[in-house]
Amino acid sequence: MRQFIQQLEALAKSHKTDAKWVFVPTRSLAATLPERLLHRGCDWANFRFVTPFEVALEMVGPALVSAGIRPKPEELGPLLIARLATALPDDVSPHFRPLLSQPGMDVCLWRTLHELRMAGVEPKQLIGKLENAKEAELVALFQAYVDYLAEHRMADRAEVFLRAANLKIRKRIVFVMVVNS
């Protein structure tokens, strides 16, 4: 990390007035880096520390709003999945419903569905490839989640990234750096 801070300092000195975008994996790192630069006496006013999701949301935000679609808050994920699993019919949901009383099960199910969405997998792609009832239940839950987003006109993280990737970029970004923590 020390070497990266030194590189940022050198960049600040050599390009004093240019805007500098620094892509970071988390918001916490985006808050930590300016603080570290400040403690070293570095002027970081022209730096913009952002996560890829923030950039994607900024890119597609106006189009989402004009289409009446709002971004789904990330904190909603586990709670929404628990609610959707509870609402599945009894004949479809024999496995997950009793497990939802276990701490962290809603988070585990949410992460699974989130990873599937981020990988570009749709529920219909999994149909016909199922080997047991638990997998069928997961697909039913996945479909309920996708249907909920459509019905309530919401875009999750995967949808925001997909829409941003499909945009034609008209501005040129001068400096782009990626930080791996």
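1. Basis. The model is predicted, so the local features need a pLDDT of at least 70 and side-chain atom pairs count only at pLDDT 80 or more, whereas totals for chains, interfaces and linings use all residues. Residues are numbered from 1 along each chain as its sequence is written, and side-chain values use heavy atoms, with hydrogens and water left out.

2. Secondary structure. The protein has nine helices and five strands; helices (H or I, at least four residues) and strands (E, at least two) are DSSP runs, numbered from the N terminus. Their order along the sequence is α-β-α-β-α-β-α-α-α-α-α-β-α-β.

3. Overall dimensions. The protein is more spread out than a compact globule, because its radius of gyration is 21 Å, well over the 16 Å that the globule rule gives for 181 residues. The radius is taken over C-alpha atoms, and the rule is 2.2 Å times the number of residues to the power 0.38. Along the principal axes, the C-alpha atoms fill a box of roughly 65 × 35 × 25 Å.

4. Of the 181 residues, 36% are buried (buried means under 20% relative accessible area, exposed over 50%, partly exposed in between; 1.4 Å probe, protein chains only). Among contacts with a separation of 6 or more, 75% are between residues 24 or more positions apart, a contact being heavy atoms within 4.5 Å.

5. Surface and charge. The accessible surface is about 11300 Å², and carbon and sulfur atoms hold 55% of that surface; the areas come from the Shrake-Rupley method with a 1.4 Å probe, and for residues only the protein chains shown count as cover. The 24 positive and 20 negative charges have mean positions 9 Å apart. Lys and Arg count as positive and Asp and Glu as negative, without His and the chain ends, each charge being placed at NZ of Lys, CZ of Arg, CG of Asp or CD of Glu.

6. Aromatic pairs. Rings of Phe, Tyr and Trp (its six-membered ring) pair if their centres lie within 6.5 Å; planes under 30 degrees apart count as stacked, over 60 as edge-to-face and the rest as tilted. The count by this rule is three aromatic pairs. One of them, Phe47 with Phe49, is stacked, because the ring centres are 5.6 Å apart and the planes are at 15 degrees. Phe47 and Phe49 are both buried. Trp110 and Tyr145 make an edge-to-face pair, with 5.6 Å centre to centre and 70 degrees between the planes. Trp110 is in helix α6 (residues 105-118) and Tyr145 in helix α8 (residues 133-151), so this pair ties together parts that are 35 residues apart in sequence. Trp110 is buried at 8% relative accessible area, and Tyr145 is buried at 0%.

7. Arg153. Most residues other than glycine have a negative phi. Arg153, not a glycine, has a positive phi of about 50 degrees. Arg153 sits in the loop between α8 and β4 (154-155) and is partly exposed, at 42% relative accessibility.

8. Thr51. This residue is in the loop between β2 (47-50) and α3 (52-66). Thr51 is buried, with a relative accessible area of 9%. Leaving out residues up to four places away in sequence, Thr51 touches Val24, Pro25, Thr26 and Arg27.

9. Met1. The segment before α1 (2-14) holds Met1, which is partly exposed at 42% relative accessibility. Met1 and Val24, 23 residues apart in sequence, are 12 Å apart in space, C-alpha to C-alpha.
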